[in-house]
Amino acid sequence: MDKIKISFILNDKPVTVETYPNKRVVDLLREDCECTSVKEGCSEGECGACTVLVNGTPVTSCLMLAGQIEGDSILTLEGLSKDGELDKLQTSFVEAGAVQCGYCTPGMVLSAKALLMKNPHPTHEEIRRALSGNLCRCTGYTKIFKAVDMAAGN
Amino acid sequence: MIEQRGKGYEYCRPGSWEELAAILCKAEAGVMFLAGGTDLAVDLRTGKKSCAHLVDLKGLTELQGIAETAAEEGKKGEICIGSLTSIHQLEINPLLQEKAAALPEAACQLGSRQVRNRATLGGNLANASPTADTAAPLLVLDAFLELWSPSGSRHIPVEDLWQKAGKTFLAADEIIRQITLPLAPGRGTAFMKLGPRQAMDIAIINAAASLELEDGRISQVRIALGGAGERPLRMKQAEAFLLGKEATAEHFAQAGVLAAQESSPRSSRRASREYRLATIPVLTERVLLKALSRLS
C-alpha cells in the first residue's frame, strides 16, 4: 500500500500529512498531529469520545479514513482555547463540575460547541439531543447539561 | 491505537465520472466504494470486509442534494435525492418532511448525530442490512434508483436492490447514483422502529406504511418491514387484505397478523425469531395508525 498526501485545515492552520489511506482520522490526529484530546472509546461510532468537528459538524473520527478529510477543516479541543485562555464553554465545564474521569469530555465539549455555533441559545431539549451521541459512564449528564446551559447564558 | 487488522488497499477519490470510469476499467477486481464510511470503515479495519481498491465517491459533489421536480401534465411530481446525501440532510429537509414524512422520520432515528452527519442514503441502501432504517420508508414511497456503471445507467425499483443480508444485485462496478420518490399528494406515510433502546440502536424490527383513502376506504396502501426476512420486504398479502376496506384499528390489526405470516425473520444476537414474529403484528398495526393520523 502506498502512502498518500493529505492536506487539510487543523484548528485554523493548514497542514499536510503523508500517511496510509487506511489510517483512521482518530489515529492520524493523535499520532501525526499531536491532538491527543481526541479519545478512542468504542472504535465503532457508538460512544462519541473521538468526536471532532469537520467543517463545523460533529463526526466520530474513528469512522473516518484519512483520505476522507482532504480539503476539510477540522476542529479538535486543542483549537478551542486561544493563547492559553479556555473557551467559554470549557470554563463552564470546569465551573459546573461537569468532568469526572474526563475521557468523554473532549467529545462532549465539541458536540456542544457545534450546537452553540449554530444555535447560541438552545433549549434544554436541544442540548440533550445535541449530546445524545456522546456517552458518559461516570457521572450522568446533569452537570454536563448544566455546563452547556451556562455557556449558552440560560 | 487499535491494530489495523484489515489488509491494505489503494485509495482514490475521483473528481469526475470520466475519472471514475477510467479507474473502474483499469481495476481488475476487488473494488469497493466508500460513501460515508460509517459501516465500511469499521468492517475494513476488523477484516470483516477487504478490498484491493477503495474508491471514495465524495469527490463527485453532484451526488449530494435533494430537489423537487414539479408535476406536469401527464407526469407526477417527484423528489430526487443524490445518493451521497447525508442522513442528517434527510432528517432536516422540509420538502421530505412535508411530502414523504416516513423518510425523515427514519433518518432521525438512525445511529447517533455524529453518524448521521457522515452516513449517506446510498450507503445505507448498498450496505444491504435487513434492518437498514431508510429501506422500509423507500419501499412504501415506491422509490426507484438510478444506477450507474461505466457501461451505462439503468433504473430499478428499490425493491429489486437487495438479494440477502449484506448482498445487493449491484454489479461490481455499479453504484447508486440517485434515489427518486414519485409524489402522491393525498398520501400519509409513517415509520416506526423497535429496538432495545430509545436512541442509537439497530432495530430489531422497523416498519413503514403509506396510506391513501377514497370515500373513507383504503385506495392505496404500502407496508414494509425490516428485520422480517433476509432483506427489507413489502408485506403484499397484508396490503391486498386492506385494499378497499375501511381504515379501522381492527383491520390494521388483522393486517398485522397477515404480515407476521408472510415474514420469515431469523434469530440473531439482537432478538429471536419468535420475538420478532410476536412484535411484527403490533408494530404493523401501530405504523398504519400513525400513517392514518397523517392523512387529515
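The model is predicted: local features need pLDDT of at least 70, side-chain atom pairs count only at pLDDT 80 or more, and totals for chains, interfaces and linings use all residues. Residues are numbered from 1 along each chain as its sequence is written, chains are lettered from A and ligands numbered from 1 in the order in which they are written, and side-chain values use heavy atoms, with hydrogens and water left out.

**Secondary structure**
- Helices (H or I, at least four residues) and strands (E, at least two) are DSSP runs, numbered from the N terminus.
- Chain A holds five helices and five strands.
- Their order in chain A, from the N terminus, is β-β-α-β-β-β-α-α-α-α.
- Chain B holds eleven helices and 14 strands.

**Overall dimensions**
- The radius of gyration is taken over C-alpha atoms, and the globule rule is 2.2 Å times the number of residues to the power 0.38.
- Chain B, with 296 residues, has a radius of gyration of 19 Å, which agrees with the value near 19 Å for a compact globule.
- The C-alpha trace of chain A spans about 50 × 30 × 25 Å along its principal axes.
- For the C-alpha trace of chain B, the spans are about 60 × 50 × 30 Å.

**Burial and contacts**
- Buried residues (under 20% relative accessible area, 1.4 Å probe, protein chains only) make up 55% of the 154 residues in chain A.
- In chain B, 53% of the 296 residues are buried.
- A contact means heavy atoms within 4.5 Å.
- In chain A, 54% of contacts between residues at least 6 apart in sequence join residues at least 24 apart.
- In chain B, residues 24 or more positions apart account for 61% of the contacts with a separation of 6 or more.

- Accessible areas come from the Shrake-Rupley method with a 1.4 Å probe; for residues, only the protein chains shown count as cover.
- Chain A exposes about 6,900 Å², and carbon and sulfur atoms supply 49% of it.
- Chain B exposes about 12,900 Å², with 49% from carbon and sulfur atoms.

**Confidence in chain B**
- pLDDT is the predictor's confidence in each residue, from 0 to 100.
- Chain B averages 92, and 96% of its residues score at least 70.
- Among the elements of chain B, strand β1 (residues 10-12) has the lowest mean pLDDT, 89. Helix α8 (residues 135-140) of chain B has the highest, 98.
- Residues 1-5 of chain B stay under 50.
- Where pLDDT is low, the predicted coordinates should not be read in detail.

Definitions and conventions
Buried < 20%, exposed > 50% of the residue type's maximum accessible area, 1.4 Å probe, protein only.
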